[in-house]
Amino acid sequence: MTVYLNGQFMPITEARIPVLDRGFIFGDGVYEVIPVYSRRPFRLLDHLKRLQHSLDGIRLQNPHSDAEWAQLIQELVTRNEAEDQYLYLHITRGVAKRDHAFPKNAVPTIFMMSNPLLTPPAALLASGVSAVSAVDNRWLRCDIKAIALLPNVLLRQIAVDAGAAETILIRDDSFMTEGAASNIFVVKNGVLLAPPKNHLMLPGITYDVVLEIAQAAGIPQEVRKIAASEVFNADELLLTSSTKEVLAITTLDGKAVDNGKPGKMFMQLHQLYQDYKRDVMRKT
Ligand code: PDD
């Protein structure tokens, strides 16, 4: 695998980071995950916009313009083999003597790698996945795609330990924010319900796509605070992310969601998502 590190392309086995990198010491950095279909980055400008938002959130200057990012990303995609890739981009505040305060002259560390993208197989689309619920105990800036993911790691592990795929997060014992590494939608009486984008969730690019394609297809939608009780009484639950696309959650905390099978809204949105992807890729 060829990766990019601080201006150079190299085999991953040769990529090295000094131990005083603030990403290693403090988790002081941000990242992006960009899906690449047929070697074309999907919704690239949206991902770069979110990257800028994350960088602003941690007060780190963007080391590249959008055009420079686009060129570096394309170069990395070209240097890797798979047609569909899962591109990971990571920027830290650089290498400096350990001190919490921002260093004066550190140069940001820029790292990118790209792995083959394996979207969910047909069997998983047909069965759906299990989820568990847990208290959202993360900080109040979940809109920043921070590399400091320990809370998300611990929350996701709750699902793994229960043999489930994702953890649905409930804030203040009252409302749903998102998944440990995905956004969550609720379906009730034919209406697609989505939590509003704010500081308590990551503004998912797939989330935006799903709301756009649902709107274009005339599917009723409401973007508003979603009570925990609505999650536990949903007709359908959906999970979205750049790598999982759209998946049905068919079991929550060991109980079937409705009849325990992927529902109509999932089928429709999954199809619309695939159609949308094909259309966009044809145009770019
Ligand atoms: N995670 N919420 C969280 C906490 C996430 O980590 C992610 C994605 C999403 C979905 O965002 P998007 O649709 O832009 O992928 C929501 C990525 C895939 C990851 O960390 O690997």
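This is a predicted model: local features need pLDDT of at least 70, side-chain atom pairs count only at pLDDT 80 or more; totals for chains, interfaces and linings use all residues.

Trainee: In what order do the six strands of the open sheet stand?

Mentor: Strands of a sheet pair through backbone hydrogen bonds, in either a parallel or an antiparallel manner. Here the pairing is antiparallel. Strands S2 (8-11) and S4 (40-41) each have a single partner strand, so they stand at the edges and one side of each lacks a neighbour in the sheet. The order is S2-S1-S6-S5-S3-S4.

Trainee: Which residue takes a positive phi in the hairpin of S1 and S2?

Mentor: S1 and S2 pair in the antiparallel sense over four bridges, and Thr 2 has Pro 11 in S2 as its bridge partner. The hairpin leaves two residues between the strands. The residue with a positive phi, near 45 degrees, is Asn 6.

Trainee: At about what angle does helix H2 run to S3?

Mentor: Helix H2 spans residues 44-57 and lies across S3 (29-37), S4 and S5. Helix H3, residues 66-79, also packs on the sheet, touching S1 (2-5), S2, S3, S4, S5 and S6. The direction of H3 makes about 135 degrees with that of S5. For H2 against S3, the angle is about 175 degrees.

Trainee: How is the crossing of H2 and H3 to be described, left-handed or right-handed?

Mentor: The axes of H2 and H3 come within 11 Å and cross at roughly 120 degrees. That angle makes H2 oblique to H3. The crossing is right-handed.

Trainee: How many nonpolar residues does the contact of H2 with H3 have?

Mentor: H2 contributes Leu 44, Leu 45, Leu 48 and Leu 51, while H3 contributes Asp 66, Trp 69, Ala 70 and Ile 73. By class, the contact has no polar residues and one charged residue. The number of nonpolar residues is seven.

Trainee: Which residues of H8 make the contact with H6?

Mentor: Helix H6 (residues 205-216) and helix H8 (residues 264-283) pack at an angle of about 100 degrees, their axes being 10 Å apart. H6 is therefore roughly perpendicular to H8. The contact has eight nonpolar, one polar and one charged residues. From H6 come Thr 206, Val 209, Val 210, Glu 212, Ile 213 and Ala 214, and from H8 come Leu 269, Leu 272, Tyr 273 and Tyr 276.

Trainee: What is the radius of gyration of the protein?

Mentor: The secondary structure comes to eight helices and 16 strands. Since the globule rule gives 19 Å for 284 residues and the computed value is close to that, the protein is as compact as a globular protein of that length. The C-alpha trace spans about 55 × 45 × 30 Å along its principal axes. The radius of gyration is 19 Å.

Technical notes: Residues are numbered from 1 along each chain as its sequence is written. Side-chain values use heavy atoms; hydrogens and water are left out. Two strands pair if DSSP finds at least two bridges between them. Contact means heavy atoms within 4.5 Å. Axes are lines fitted to C-alpha atoms, for helices over the stretch in contact, and angles run from 0 to 180 degrees between N-to-C directions. Angles under 35 degrees count as roughly parallel, over 145 as roughly antiparallel, 65 to 115 as roughly perpendicular and the rest as oblique. A crossing is left-handed if the near helix is turned anticlockwise from the far one by less than a right angle, and right-handed if clockwise. Ala, Val, Leu, Ile, Met, Phe, Trp, Tyr, Cys and Pro count as nonpolar, Asp, Glu, Lys and Arg as charged, and the others, Gly among them, as polar. The radius of gyration is taken over C-alpha atoms; the globule rule is 2.2 Å times the number of residues to the power 0.38.
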